Amino acid sequence: DRPPGVQSRKGIVAVTPAYALVGNLPWIVSIIRQRTRILDEVYRLQNEQAPGGKPFTLTFPALGGRVTVINNPAYLQYIQKTNFDNFPKGPDQRRIMCDVLGIHGIFASDGAIWLKQRKLATHIFSFNNFRTHVQSTVVREVHTLDALLQDASHKQAPVNLPDTMFRFTLNSFAWMAFDADVDCLPSRVEGLAVPNEFASSFDYAQMVMDHRIFALLPKWSEWFTREGYHMRKSLRTLNRYCYRIIDSRLARREKLGAGNATDKAGKDLLELFMDRGLTREELLPVILNFLIAGRDTTAQSLAWLFFELWKSPQYIDKIRQSLVPLLGAPGEQRPMQFDEIKELPLLQACFYEAVRLWPAVPKNLKRVVQDDIIRPTGEHAAEGLPDVDVRGGETVLWSDWCMARMPEVWGADCCEFRPERFLETGSDGSLRVAEFSQFKFHSFNAGPRMCLGKTLATYEGMAVTAAILGRYDVLFDDHTMRTNPPTYGDSLTLPCSPYYVRFRPIAT
Ligand code: HEM
């Protein structure tokens, strides 16, 4: 029952219904019209049409398109390690991201351009930089957060938790990477009412980029749509904001000399890129690429973690108990230091379990350069998984969000928040965090393009959680959480919808 024009490939499920020439195009039309979220749809197709973690394809013959979904660590190992060069980001991703993140930014670029940026950026994550910039910034921002929560608890004011996490990570990352004060984490609760124009513009731009993945109309049609109008407005705000950061640094460099433009001991990210002679215009996408990496991912993970902790409050008590020997009595705890990551395995396991279930990059795609056979590779190559035949010019897609919910990958309890899966007992009887292969715990990506900020995110996420749980009771509005639970929005990343909590200092 294969419609004309849809080529069948051995072992790969072709999604139905598909029609002559247009293939699965009606599927796209229906998800756009019904506003169904792509992740939900991919998950539904995986379960209903390709159970057992099998690969499946969506075809669009008249458009020359074919997207093969490979939700399996064994396939990811092949495309991200074994034959990495044959699966670049490709022109489609650049088309989707170019006006926001630039075609030469680290997220959209490939080959030599990408490698040059990757090498340069790796410096910022070197150990010395961690000690000097990251820890001091996180500790200082944790103090501001504490002042804010004290004020909120004193005034019994509800606080939008996802928004506060965004403010924390944006403020911290701008300090760490650009030595810039973006002034969006207030120490008084009234400050939260001031909308953050940069954040809302950035969120809008990400939503539009996400819509472009399956857009039916060409990109130029955005000149005539409402969404396109708002996108251009958002871009102007983003550019203005970033140029302020760039121009103020350029002025300082001119006045004080290149080596003395910041008070920091080492060079920060902006300084490293400026030293390479990048122009003002070339620096713009650098800032936006790193802000998306440094702000959204960690903030979203924290918002999802607290949502999971609301559902499983037993872990709040356990985390608190584990903090006491290291950070002090409840209510009087000091901020966590970078070196202490390993000493708080339960807290790290809870953070990773939230990152597993709610991966900040929930879906991703790559372009196939030359015809290839994706062979199940490595420790996850289960019996019965077919080879996947792909042709040059096609697309492969996977979703870490779906994989987190697939028993073939994480076992029967895959959908549960169960931090214990990240814990093991060492030979000396101590608890430690279990290591999974990059391809299975894939939320931080894998292979040569693995996330550069994993350790930074882990420290920041743990330090914020410790600062909150060590000093405050978090009072969720159970009724609202049950009747209108937080959910994710359409975006390149996985934003959590707003939910409000109150804080009460732990009695000492
Ligand atoms: C829980 C937090 C985080 C998660 C889940 C996460 C996840 C990811 C993922 C999935 C990618 C691959 C994206 C792609 O290729 O399309 C990535 C890349 C990257 N991440 Fe993260 N990330 C996190 C935090 C951070 C932080 C705090 C930074 C700091 C700047 C960072 C920096 C980067 C960079 C620079 C890349 C690009 C790597 C490359 O293409 O070579 N990430 N991250």
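This is a predicted model: local features need pLDDT of at least 70, side-chain atom pairs count only at pLDDT 80 or more; totals for chains, interfaces and linings use all residues.
Local features need pLDDT of at least 70, side-chain atom pairs count only at pLDDT 80 or more, and totals for chains, interfaces and linings use all residues. Residues are numbered from 1 along each chain as its sequence is written.

**View A. Helix 11 crosses helix 16.** Helix 11 covers residues 280-311 and helix 16 covers residues 454-469. Helices (H or I, at least four residues) and strands (E, at least two) are DSSP runs, numbered from the N terminus. The two axes come within 10 Å and cross at roughly 40°. Axes are lines fitted to C-alpha atoms, for helices over the stretch in contact, with angles from 0 to 180 degrees between N-to-C directions. Helix 11 and helix 16 are therefore oblique to each other. Under 35 degrees counts as roughly parallel, over 145 as roughly antiparallel, 65 to 115 as roughly perpendicular, and the rest as oblique. The crossing is right-handed (near helix turned clockwise from the far one by less than a right angle; left-handed if anticlockwise). Thr297, Thr298, Ser301, Leu302 and Leu305 of helix 11 meet Ala457, Glu460, Gly461, Val464 and Thr465 of helix 16. Contact here puts C-beta atoms, placed from the backbone, within 7 Å. The contact residues of helix 11 with helix 16 divide into four nonpolar, five polar and one charged. Ala, Val, Leu, Ile, Met, Phe, Trp, Tyr, Cys and Pro count as nonpolar, Asp, Glu, Lys and Arg as charged, and the others, Gly among them, as polar.

**View B. Helix 13 packs on helix 16.** Helix 13 (residues 345-357) meets helix 16 at about 110°, with the axes 10 Å apart. Helix 13 and helix 16 are therefore roughly perpendicular. Helix 13 also passes helix 16 in a right-handed crossing. From helix 13, Leu347, Gln348 and Phe351 touch Thr458, Gly461, Met462, Thr465 and Ala466 of helix 16. That contact has four nonpolar, four polar and no charged residues.

**View C. Buried residues of helix 4.** In helix 4, Gln93, Arg94, Ile96, Met97, Val100 and Leu101 are buried (20 or more other C-beta atoms within 10 Å; exposed at 12 or fewer, partly exposed in between). They pack against helix 8 (197-213), helix 9 (226-256), helix 11 and strand 5 (364-367). Gly102 follows helix 4, with a positive phi near 75°.

**View D. Phe202 in helix 8.** Phe202 is buried, with 23 other C-beta atoms within 10 Å. The C-alpha atoms of Phe202 and Ile292 are separated by 8.4 Å. These two residues lie 90 residues apart along the chain.

Notes:
Two residues are in contact if their C-beta atoms, placed from the backbone, lie within 7 Å.
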